[in-house]
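Please consider the structure shown below. The paragraphs that follow lead through it step by step.

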Amino acid sequence: MQVAGFSPIPAALAGLIVWAAHFGLIYGANAVACARGLAGGRWLGLPLVPALVLGLTALALLAVAVIGLRAWQRLEGGLSGQEGENEPRFMVWLTLAIALLSALAILWEALPVLLVPACA
Amino acid sequence: MHHSVLSPMGPEAARIAELSWLLFLGGAAIFLLVMLLLALALGGGPGVRRRLGARRAILAGGVAFPVLVLSALLVHTLGVAAALGLGEPAPLRIEVTGRQYWWEVRYPDREVVTANEIHIPVGRAVELLVDSGDVIHSFWVPSLHGKIDMIPGRVNRRRFSLDRPGVLRGQCAEFCGTQHALMAFFVVAEEEAEFERWLERLRAPVAKPEEPFLAQGWQAFGQAGCGACHAVRGTPWAGRSGPDLTLLGGRLSLAAGTLDNHLATLAGWIAGPQDIKPGNRMPAFNTVLDGPELRAVAAWLESLR
Ligand SMILES: [Cu+2]
């Protein structure tokens with residue numbers, strides 16, 4: 001995965017990027033639905049806004065799970081990069097920890113859709 | 001007078017007050033716990049310090065504990081927010097429009113308009129609809145409910161009710177211009193019968209007074225052009241860019257909570273509103289009205305109650 005001369009920092013931040021994308025998308029989707037009067041709408045029999053938010057949440061959780069799992073495997077598997085170069089253990093650990101934190105934040109920000117009416 | 005989140009006057013405010021206490025006491029308890037652990041870490045024996053520094057203790061206290069506490073709080077808070085959104089059908093509707101720097105209040109089902117004071121019968125479900133006539137304001141009566149933003153072009157709604165009679169103070173809670181701080185109002189919670197009597201008086205057209213001094217005030221009010229901005233029910237004056245003045249004499253305050261309401265403050269306001277509340281939208285009349293006219297206008301307005 002490492003490109004020569006490329007800093008490992010983006011890999012560590014991958015979880016946060018997924019979290020930010022999820023946040024922006026559900027915020028925008030909810031706002032548009034409220035502004036366009038689609039809040040009570042249904043899609044394939046499901047309530048539109050909750051279905052959309054939960055779908056995006058499942059996708060985001062899947063993405064952070066992949067990021068977290070790969071970091072976990074690298075921690076377990078001795079950490080040698082493809083070119084035989086050692087990746088600092090700390091950065092891999094950080095990737096994993098940030099993925100977990102992002103998963104928690106994604107769950108927290110999806111929760112309101114189940115508990116509060118959409119455009120109250 | 002009630003003007004505090006900790007002095008709730010209705011069920012919605014009571015739930016918000018409970019939440020405030022939960023956060024305040026919970027935060028205090030956790031703070032004390034952390035200070036206790038800090039003291040142990042600094043002054044405890046080697047065994048205690050080893051256990052406090054162990055990886056397991058750090059994961060439990062630094063990760064698991066905050067995640068659990070914050071998740072529980074989030075679910076609880078969202079539950080409170082959801083419960084606050086519900087209400088009985090067919091409530092009393094009250095519309096409030098924020099303006100620089102006062103509040104227009106309408107009871108659309110009763111066809112009355114007033115300003116800077118909202119009367120509410122106790123025990124009745126109320127639906128409040130707020131918007132703005134100019135910039136963003138925020139409607140906040142701490143003993144009634146949370147802040148409700150007033151946004152031009154958008155109507156925000158809240159349901160609430162009040163348990164017992166009393167006077168509640170409200171305040172604009174979003175900076176809206178130079179006189180934002182002097183943009184307050186009062187909520188008068190009263191028994192249903194009293195509320196209906198108030199509505200009756202508000203609905204009755206104001207007739208030209210018989211008494212010569214008050215009649216002179218009526219005359220001067222018209223000649224000075226007050227009616228271009230102010231309405232008085234039943235008269236030819238129907239301006240909407242200033243507060244409705246029907247029943248002005250019965251209000252608790254003048255100029256959105258700025259002054260106590262009596263003859264002297266009223267005459268002072270009409271003569272020099274820019275000295276009292278600089279930058280507000282009412283021009284001074286000290287050069288338009290002479291002394292006797294000013295006293296007569298004030299006396300007539302004060303007699304409307
Ligand atoms: Cu304001």
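**The copper site and its surroundings**

B:Met183 counts as buried, because its relative accessibility is 0%. This and every other value here comes from a predicted model. B:Met183 contributes its SD atom to the copper ion, and the other protein donors are B:His137 through ND1, B:Cys172 through SG and B:Cys176 through SG. These donors lie 2.1 to 2.6 Å from the copper ion. Along the sequence, the donor residues follow the spacing H-x34-C-x3-C-x6-M. B:His137 belongs to strand β6 (residues 137-140) of chain B, while B:Met183 sits in the loop between β9 (166-172) and β10 (184-190) of chain B; the two residues are 46 apart, and the pair thus links distant parts of the chain. B:His137 is likewise buried, since its relative accessible area is 0%.

What arrangement do the four donor atoms form around the copper ion? The arrangement is tetrahedral, because the angles they subtend run from 96 to 121 degrees, and four donors count as tetrahedral if all angles lie between 85 and 135 degrees. For comparison, the ideal angle for four tetrahedral donors is 109.5 degrees.

Chain A contains four helices and two strands, arranged from the N terminus as α-β-β-α-α-α. Of its 120 residues, 26% are buried. Chain A exposes about 7600 Å², of which carbon and sulfur atoms supply 72%. Among its contacts between residues at least 6 apart in sequence, 74% join residues at least 24 apart.

Terms used: Residues are numbered from 1 along each chain as its sequence is written. Chains are lettered from A and ligands numbered from 1 in the order in which they are written. This is a predicted model: local features need pLDDT of at least 70, side-chain atom pairs count only at pLDDT 80 or more; totals for chains, interfaces and linings use all residues. Side-chain values use heavy atoms; hydrogens and water are left out. Buried means under 20% relative accessible area, exposed over 50%, partly exposed in between (1.4 Å probe, protein chains only). Contact means heavy atoms within 4.5 Å. Accessible areas come from the Shrake-Rupley method with a 1.4 Å probe; for residues, only the protein chains shown count as cover. Donors are N, O and S atoms within 2.8 Å of the metal (3.2 Å for Na, K and Ca); water is not among the atoms, so sites may look incomplete. Four donors count as tetrahedral if all angles lie between 85 and 135 degrees; four count as square planar and six as octahedral if opposite donors are over 155 degrees apart and all others between 65 and 115; anything else is irregular.
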